[in-house]
Amino acid sequence: MDLKLNYIGGKWVEAESGEKREVINPATGEVLAYTTESGESDTLKAISAAKKSFYETREWRDTDGQTRADVMLKIADLMDRSREELARLDTLDNGKPLRESEGDIDDAIHCFRYYAGLITAPSGHTYEVNAGFGPMHSYTISEPVGVVGQITPWNYPLLMSAWKLAPAIAAGNSIVFKPSSNCPLSTIRLFEIFDEVGMPEGSVNIVLGSGGSVGHTIAASKDVDMVTFTGSTKVGQSIMADAVGNLKKIGLELGGKSPNIVFDDCDIDGAVEWAMIGTFFNQGQVCSACARIYVQEGIHKEFVEKLVKKASAMTIGNGLNNPDIGPVVSESQMKKVLGYIEKGKEEGAELLCGGKRYTEGECEKGFFIMPTVFDNCSQDMTIVKEEIFGPVCAVVPFKTEEEAVKMANDTEYGLAGAVFTKDGAKALRVMKEIRAGIMWINCCQPTFNQAPWGGYKMSGIGRELSVNGIEEYREIKQVNIALDTGAIGWYEN
Ligand code: NAP
């Protein structure tokens, strides 16, 4: 079976250890591929290749914007050509239904096209100033940050890579990339495309290995100018601590436990369908999942009945066969989610459907969990407080708007939230009160390359996507020009 290698300094190379790691198909429990198991020394080689590319050979950094945009469009075209292959890889590796993988690949392709366009857009500002030394012009130019380390999770394998790689490459940085060990295959394929389009030697490097070794080495290295990370809040905290040595710039996209507030005056059928998406899309393994569902008492019974009917009717199976729900990513993730379900039962939440592993037919050996709805939950329950990252939601009834807002904000996270009501003023009032970076009104989960993504509180630092996304990967330089070239007479003698 294929052994997947590191791409360092423009060459595919095996890790020094000579060890390899299994990549498992979560639908079957079978080995899909092997990856070379890198450690600190391999990571340092990749950092050194990126450093050389940025500070010595400078080929990508000095490539003009129009040419950089052309290369990125070529990358997008090659991704498009491999769309079916990339989608299949994500489904095999992660388990998600094929139609969801196809959507992810389309978004990833669009992300490269979007940032190709932005490279050539105007950037910088000009100011007319006078600090007492005569008239001056002050203007700003953007420059790449330098060597950028990037670390991604497994829930949207290629898409999370694109969200990081496209803006960072567009801005002219050199990259050291570490994908999730669980789902690295589509990103390795993307690096083959980088190789095919002739990205300059050392400008893009990928190192395969564990977070504790490869990820930690990237975050701690003083030769890395910036580290961007998507993953759990706990690991995000360790990255922040690692980054302190050279005060490198950081970008953190972390966990969440987002609220969905459903008022009596909403369109119930619409709210139920969006709540399904907010809870079960991608097997519930979505950072912005709105799996804390606050439902006002007037429609509580009807809403829950409709939700349970739909959740119970979901088809479960191998993602390649396009069911409604596939397996969760790994055996350990399955055990973690089942552990939360047990905790919910112990703490007195009312289990209305699902609540266990699914092993019927083709699902016998895979890591499948039935869509699970808990009702009559309260704020002190573990399943309401902690991120489960699986197909499980907790419904909490409420009486007043004020009570709903208070409970929604009662969390250490602040990634997203949703509000369902036909009262426009109430929707905007509640949206404004929720302390979160992304709010949906009468919808839940749509995401766009054009709009900024990121969280408040312990859900992260910085923004991805949109113009903000590329600015994160740029330094801003202030340039000041005196309009009078003569002596200014400050020191008279
Ligand atoms: P994770 O365990 O935090 O791992 C994320 C990445 O960090 C993986 O590549 C992992 O490597 C690496 N890593 C682990 N320990 C590390 C360390 N000490 N130093 C540096 N890197 C380290 O998260 P996950 O389980 O993959 O993903 C789920 C989490 O991601 C959830 O909390 C979810 O909310 C969050 N997420 C957030 C967003 C967002 O936009 N805010 C988007 C998607 C996911 P290994 O794979 O080798 O362990």
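Helices (H or I, at least four residues) and strands (E, at least two) are DSSP runs, numbered from the N terminus. The model is predicted, so that local features need pLDDT of at least 70 and side-chain atom pairs count only at pLDDT 80 or more, whereas totals for chains, interfaces and linings use all residues. Residues are numbered from 1 along each chain as its sequence is written, and side-chain values use heavy atoms, with hydrogens and water left out.

**Close-up 1. Packing of helices α4 and α5.** Helix α4 (residues 83-94) packs against helix α5 (residues 98-119) at an angle of about 125°, and their axes lie 8 Å apart. Axes are lines fitted to C-alpha atoms, for helices over the stretch in contact, and angles run from 0 to 180 degrees between N-to-C directions. The two helices α4 and α5 are therefore oblique to each other; angles under 35 degrees count as roughly parallel, over 145 as roughly antiparallel, 65 to 115 as roughly perpendicular and the rest as oblique. In α4, the residues Arg83, Glu84, Leu86, Ala87, Arg88, Asp90 and Thr91 meet Leu98, Ser101, Glu102, Ile105 and Asp106 of α5 (contact means heavy atoms within 4.5 Å). The residues of this contact comprise four nonpolar, two polar and six charged. Ala, Val, Leu, Ile, Met, Phe, Trp, Tyr, Cys and Pro count as nonpolar, Asp, Glu, Lys and Arg as charged, and the others, Gly among them, as polar.

Close-up 2. All five of the five residues of strand β11 (residues 226-230) are buried, so the strand is largely enclosed by the rest of the structure. Buried means under 20% relative accessible area, exposed over 50%, and partly exposed in between (1.4 Å probe, protein chains only). In a regular strand the side chains alternate between the two faces of the sheet. Met226, Thr228 and Thr230 cover one side of β11, and Val227 and Phe229 the other. Strand β8 (residues 147-151) pairs with β11 in the parallel sense over four bridges; two strands pair if DSSP finds at least two bridges between them. Isoleucine 151 stands opposite phenylalanine 229 in β11. Strand β12 (residues 249-253) runs parallel to β11 and is joined to it by five bridges, with isoleucine 250 in β12 as the bridge partner of valine 227.

**Close-up 3. The loop position of glycine 361.** Glycine 361 lies in the loop between β16 (357-358) and β17 (368-369). This glycine 361 is exposed, with a relative accessible area of 59%.
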